[in-house]
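Please read it alongside the sequence and the coordinates.

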Amino acid sequence: MNKEQQVKTEREVEFLKELHQAAQMGRDTLEHINNNIGPGELRSAVEKDIFDYSDVCADITCKLDDRGEQPKSVGKIPQMMASMMINMKVDDETPENEIAKMIIDGTTKGVTECTSKLSDYSDLDSDIRNIGYKFLWVQQKNIDEMKRFLHN
């Protein structure tokens with residue numbers, strides 16, 4: 001592998017690892033929220049979103065495996081901070097619209113970060129960037145799904 005190919009592969013791995021961390025954080029946060037809410041339509045919607053985030057994580061992991069790399073886990077401190085915030089704000093009594101707002105706010109930050117990453121790595125091949133676009137689509141779909149719970 002020449003120097004140019006090596007640099008390209010390193011950028012692909014960096015992009016994929018950053019995407020994986022973001023998708024993992026989104027999935028873990030949704031799982032934590034899901035564990036704090038009761039049964040109903042919101043819970044079903046959150047579970048579907050968890051599945052979509054997990055699918056993105058799996059796609060990224062396959063691409064990293066192809067390059068002999070492993071995903072990088074989200075750090076303990078960001079996970080703990082997110083868990084503490086959810087525990088303070090979400091329980092069986094929390095109105096659906098408040099939970100939906102929290103999810104929309106967090107996911108909107110994810111959309112912004114993903115869009116920025118896609119711009120930063122615009123030189124990568126489309127098969128790699130397409131995973132970023134898929135993740136962006138999953139996040140936007142999540143936001144659109146949560147909007148229906150804002151009625152309360």
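## Helices α1 and α5

The crossing of α1 and α5 is left-handed, a crossing being called left-handed if the near helix is turned anticlockwise from the far one by less than a right angle, and right-handed if clockwise. Helices here are DSSP runs of H or I with at least four residues, numbered from the N terminus. The axes of these two helices, α1 and α5, come within 10 Å and cross at roughly 20°, which makes α1 roughly parallel to α5. Axes are lines fitted to C-alpha atoms, for helices over the stretch in contact, with angles running from 0 to 180 degrees between N-to-C directions; angles under 35 degrees count as roughly parallel, over 145 as roughly antiparallel, 65 to 115 as roughly perpendicular and the rest as oblique.

On the α1 side the contact (heavy atoms within 4.5 Å) is made by E12, F15, L16, L19, A22, A23 and L30, and on the α5 side by I128, R129, I131, G132, F135 and N142. By class, the contact of α1 with α5 has nine nonpolar, two polar and two charged residues, where Ala, Val, Leu, Ile, Met, Phe, Trp, Tyr, Cys and Pro count as nonpolar, Asp, Glu, Lys and Arg as charged, and the others, Gly among them, as polar.

## Basis of the model

This is a predicted model, in which local features need pLDDT of at least 70 and side-chain atom pairs count only at pLDDT 80 or more, whereas totals for chains, interfaces and linings use all residues. Residues are numbered from 1 along each chain as its sequence is written, and side-chain values use heavy atoms, with hydrogens and water left out.

## Helix α2 and its partners

α1 and α2 pack at an angle of about 155°, with their axes 9 Å apart, and that angle makes α1 roughly antiparallel to α2. α1 passes α2 in a left-handed crossing, and the contact of α1 with α2 has 12 nonpolar, six polar and seven charged residues.

The axes of α2 and α5 come within 10 Å and cross at roughly 175°, so α2 is roughly antiparallel to α5. Among the α2 residues that meet α5 are L42, V46, Y53, V56 and I60, and the α5 residues facing them include I128, I131, F135, V138 and M146. The residues of this contact of α2 with α5 divide into 11 nonpolar, two polar and 10 charged.

Helix α4 covers residues 96-120, and at 1.5 Å a residue its 25 residues should span 36 Å, which agrees with the 36 Å between its end C-alpha atoms; the expected span is 1.5 Å times one less than the number of residues. The buried residues of α4 pack against α1 (3-36), α2 (41-66) and α5 (126-147).

One of the buried residues of α4 is I99, which counts as buried at 2% relative accessibility; buried means under 20% relative accessible area, exposed over 50%, and partly exposed in between (1.4 Å probe, protein chains only). Leaving aside its neighbours within four places in sequence, I99 is in contact with I33, I37, L42, V90 and T94.

H20 lies in helix α1 and is buried, with a relative accessible area of 8%. Not counting residues up to four places away in sequence, H20 touches C57, I60, T61, P71 and K72.

E31, also found in helix α1, is partly exposed, with a relative accessible area of 32%. E31 and E10 are 21 residues apart in sequence and 31 Å apart in space, C-alpha to C-alpha.
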